[in-house]
Amino acid sequence: MLAKSEQQVAVPEQSGAQHRVVQRTEGMEVSRDALLPPIVKLVQATTKDADKYGPGKFVRTDTEEVFDVLEVVPLVSKVTQTKWPEDFSREAQPMCWSSNGITADPGAEREGQLCHQCPFFSPKPQKGKGREMCETGHNLILQDAATYTPFGMRLRSTGNRVMGLLSSPSIAQKAVVRLYSEKVTGDSGTWYQLKAKTVRQLD
């Protein structure tokens with residue numbers, strides 16, 4: 001789907017001091033995908049091209065830049081819902097999902113249906129209930145503290161542990177946070193856990 005880019009500029013009329021407003025990019029079309037921020041993800045051992053980037057590293061998917069740590073300002077967070085097959089597999093594909101935690105996305109098993117009416121809806125992260133219920137996650141918009149570049153990051157259930165800090169009223173849009181990873185082992189195997197630490201408050 002395409003969106004018109006509509007920057008306005010005032011242009012003098014030939015007849016005098018009156019101005020009319022025209023579109024500087026009138027007639028041009030920009031893909032909505034081009035308006036989305038780039039995505040940065042935490043590489044796991046099972047991630048495609050993990051050997052290339054290195055497990056535990058952060059990779060920017062459009063430029064393939066690799067980072068050991070990120071220093072960011074948390075801007076926006078949205079709750080997501082994902083229904084996975086009950087049999088655990090790191091290669092499994094979701095059965096149903098919602099990018100806003102409200103309505104199932106196009107292509108999902110319950111496409112267009114309200115999440116809170118679904119019997120598998122999980123209003124908060126589930127503990128000790130296996131994969132029967134939807135997995136609560138978050139979509140984040142973060143800003144690089146050095147370059148001011150915005151980017152997105154998608155958190156699954158194991159990443160939710162940092163949300164208490166990132167969404168705190170004293171931190172969100174008000175502080176620089178360092179994101180890093182630590183290798184941990186649990187019942188389902190070994191993975192790199194996302195960690196967060198406050199660096200400083202913004203001026």
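The following legends describe close-up views of a predicted model.

**View 1. The largest nonpolar core.** This core comprises 19 residues, among which F58, L70, M153, L179 and L194 touch the most other members. Two or more residues each are contributed by β5 (40–42), β8 (70–83), β10 (135–144), β11 (150–155), α2 (163–166), β12 (175–186) and β13 (189–201). Leaving aside residues up to four places away in sequence, M153 touches V40, F58, L70, H138, N139, L140, L142, L179 and L194.

**View 2. An open sheet of three strands.** The strands follow the order β5-β6-β7 with antiparallel pairing. At the edges stand β5 and β7 (66–67), each of which pairs on one side only. Strand β6 (residues 58–60) is joined to β7 by two bridges, and F58 stands opposite F67 in β7.

**View 3. The salt bridge between R178 and E71.** The closest N and O atoms of this pair are 2.6 Å apart. R178 belongs to strand β12 and E71 to strand β8, 107 residues apart. R178 is partly exposed at 30% relative accessibility, and E71 is partly exposed at 31%.

**View 4. The salt bridge between E135 and R156.** The side chains meet at 3.2 Å, N to O. Because E135 lies in strand β10 and R156 in the loop between β11 and α2, the pair ties together parts 21 residues apart in sequence. E135 is buried at 14% relative accessibility, whereas R156 is partly exposed at 42%.

**View 5. The salt bridge between K195 and E182.** Here the closest N and O atoms are 4.0 Å apart. The pair ties strand β13, which holds K195, to strand β12, which holds E182. K195 is partly exposed at 28% relative accessibility, as is E182 at 37%.

Key:
Residues numbered from 1 in each chain as written. Predicted model: local features only at pLDDT ≥ 70, side-chain atom pairs only at ≥ 80, totals over all residues. Heavy atoms only, no water. Core = buried A, V, L, I, M, F, W, Y, C linked by side-chain atoms within 4.5 Å. Buried < 20%, exposed > 50% of the residue type's maximum accessible area, 1.4 Å probe, protein only. Helix = DSSP H or I, 4+ residues; strand = E, 2+ residues; numbered from the N terminus. Contact = heavy atoms within 4.5 Å. Pairing = 2+ DSSP bridges.
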